[in-house]
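Here is a short briefing on one protein model. Look through the sequence and the structure first, then read the points below.

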Amino acid sequence: MTSESGGPRCERGAGDAAEHPAPTDSDPLRRFAGIWCRAVHPLAATTMTPEAFEEYLLPLAHRLSAALRSSPFDTEAAYGVGAALVDAQCTEPEALPAILGVIDAHLVSCSTPAAPSRQPSAEPGHQPSAEPGHQPSAEPGHQPSAEPGHQPPADEEARARCVRLQHALAAGFVRELRKRERDEQAAISRAALAARTEAEKALHTSEAKFQAVFEGAVIGVGIAGLDGEVLVVNDAMARMFGGMDFFRPGRNVTEFVHPDDVPGAHELYRELVSGERDHFRIEKPHYRDDGSELWTNLTVTLLRDSSGAPQYQLALAEDITEHRRLRERLRYEATHDELTGLPNRPLFLERLDQVLAAGDDADRFGVCYLDLDGFKAVNDSLGHIVGDRLLKAVAERLQGCVNAPAELIARVGGDEFLALVTGPAAQADGAALARRMLAALAEPVRVEGRELRVRASIGVVDGRAGEIGRAEVLRSADITMYRAKAAGGNRYEIADADSNARVIARHSLTNGLPSALEKGEFFIEYQPLVRLTDGTVRGAEALVRWLHPVHGVLGPDQFIPLAEDTGLIVPLGRWVLEQAARQAREWRDADDEGGEPLRVNVNLSPCQLSHPTLVSDTVAVLENAGLCPSALCLEVTENDLIGADESALRPLRQLADLGVDIALDDFGTGYSNLSYLRRLPVSTLKLDRSFTRGMQRAPADPVDVKIVEGIVSLAHTLDLAVTVEGVETAVQAEHLRGLGCDTGQGWYYARPGPPERLHTLALADAS
């Protein structure tokens, strides 16, 4: 090998040897294998580690060394070494020069020559010949039998053999590469042939499968040209449409238009055949030749040729006619009342939402909310079967009131019905529909031989789309319907914004009551009770107030009825009783003169009166406050005691026996017999202010004077004290004192206020 080809690689190998010191192994061939590994491994595609690659090269080094020393000389081993290096994936273009360079530089020096080296007598200064430009290198650590650092001249025969071995190795390397290439080409050819054979077989199989699928498919399959002409359909498609005659020659898919096609179906088809889309899927109806209707789940796909150009259209059709009918039936059942067959609440709300979602130019709408009056009594007395039959008859009559496509009647639950009207005159039409419904129900309904009279209350609401929401519409209709019930029923009312606002405010207060007590939003004001004979303060009535965070201070008439309806009056009443008793004790403790203790009056509601813990709660409050029972007066409205039996009066008798005063409030407004007073456990009559208004100015109304005079006389005869409410002028106070009334309260003396102002009397006519 010449230095032109081997020299540079030998220089690279020498550099690698300098970077990676040679092994210290005493075996020269192992050192050779190590040098060889470090020169070749970075350039090879082998997956072996450097250590494994060196072990792989060691026997190859032995084979080359043996060939170098063989007698007779034979290069066959070098061919095998070249093939072995190819097997080790040393196939990169740079690998072979590196392989040969290391052999050229180190094989001879790491091997013992085959014959004794001839040492020609050299003249002083003569050097043995070598390859042009080649400078043998010595492995670090190798010390030849010469002076230290001196490289002895190489044996010419060994070097000649080394060159031939390099040539043989290169030839074996190239031959193995070519063999591998031929083998790979042959393998590729065999694979290509096998693939082509397999592809032809698969194509044949695919065509057979397609034909089998096409002919035996359960769903309909059809192919048409881009012009719409039907080319072929399978049996399933033909059966769907009533037979193959339907797809007679020349039939075009554009003939399958149906009035109920989904909007945009034609545009989807145009985009498909023009290549703008690859497929579309729709539910589509078709007419058969006999006029019957077929519904299909239709998928149309564009088939393209190898260049991507549109070629055919493939249609897959599934018969969903029965499924569609079932779905429509389920839809009907889901949107109609099972008992009456009328639209139900979901369908009504769906239609209402459609009306409310219309644009700015939408017509007005009206809603009628109808509820039967007293229907619960029918169910409770005659049974639910009769009630259901009555509802069916009512539904038939209400449905008969609908005389326009824009009107809808629905049963939304129980005995409740909703009606919807639309149009420019919706308000008038809604009221007219309400009148027609009331008229339709005016005649008795005959059920199982009974004639049942039907009464209904109707709330009518109207509006325009975009101005009011669904929830507000229904709430207003509901409020208005209950307003019609409160007015006596069997009538209709038109929605009124002010009335709705009052009801909504009432509802808001009702919801806020429970938390108001927990948050301490209630407080008590006290109005003095004045002894008319001497003008001294005898006690005070405790009046609860609500400091609402939004509405400000609310009087008891604004929230006490709500508290009674919700049952909150019991805990609220106990709280008032506790506060009033504690305040009465403070007044007593503050009285340095030790005079007659002030009495505190607390109102009792009907709920409190019938509550089983009334007596025990009152006793506990008095004990906790350290208050004498005689310092407490419980006021009960006259109407709450009318017709009360002995069990209802028992709690009051028990409290009266303990020393608690019982006052009959608003006396004179009820219709009880005056003799009834003898059996009531009361000690005081509170005369209603309606009897004393005629005394506010002089001269006094003589009728009022006579009435009050009689009541006072009767009360004193029964040993009852008389308190007069609503005293507003000095003239009125003077008349009442002259008639013998015991105490009075009103704005003439003082308005309700904080407890520390109890003794501050105005004594001025109320303005």
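Helix α17 gives four residues to the lining of the largest cavity, the largest share. This is a predicted model: local features need pLDDT of at least 70, side-chain atom pairs count only at pLDDT 80 or more, and totals for chains, interfaces and linings use all residues. Residues are numbered from 1 along each chain as its sequence is written, and side-chain values use heavy atoms, leaving out hydrogens and water. Helices (H or I, at least four residues) and strands (E, at least two) are DSSP runs, numbered from the N terminus.

**The cavity**
- One cavity of 30 Å³ or more turns up in a search of the whole structure.
- A cavity is a set of points on a 1 Å grid over the protein atoms alone, where a 1.4 Å probe fits but cannot get out; lining residues have an atom within 4 Å of a point.
- The largest cavity holds about 130 Å³ of space; a volume is the space filled by probe spheres set on the points, which are joined across faces, edges and corners.
- Its lining has 14 residues, with Gly-573, Arg-574, Gln-608, Leu-614 and Asp-617 nearest the centre.
- Two or more lining residues come from each of α17 (569–590), β16 (599–604) and α19 (614–625).

**The sheet**
- Five strands make an open, mixed sheet in the order β7-β8-β6-β11-β12. Two strands pair if DSSP finds at least two bridges between them.
- At the edges are β7 (407–413) and β12 (491–494), each pairing on one side only.
- Strands β6 (residues 364–372) and β11 (residues 456–464) run antiparallel, joined by nine bridges.
- Arg-364 has Arg-464 as its bridge partner in β11.

**Thr-335**
- Thr-335 sits in helix α9 (residues 321–335).
- Thr-335 is buried, with a relative accessible area of 6%. Buried means under 20%, exposed over 50%, and partly exposed in between (1.4 Å probe, protein chains only).
- Leaving aside neighbours within four places in sequence, Thr-335 is in contact with Pro-343, Asn-344 and Leu-347. Contact means heavy atoms within 4.5 Å.

- Most residues other than glycine have a negative phi, and most peptide bonds are trans.
- A cis peptide bond, with omega about -5°, joins Ser-71 and Pro-72.
- The bond from Ala-698 to Pro-699 is cis, with omega near -5°.
- Gln-89 is not a glycine, yet its phi is positive, about 65°. Gln-89 is partly exposed, at 31% relative accessible area.
- Asn-490, in the loop between α14 and β12, has a positive phi of about 55°.

Technical notes: 1 Å grid on protein atoms, 1.4 Å probe; cavity = no way out; pocket = protein on both sides within 12 Å on 5 of 7 lines; lining within 4 Å.
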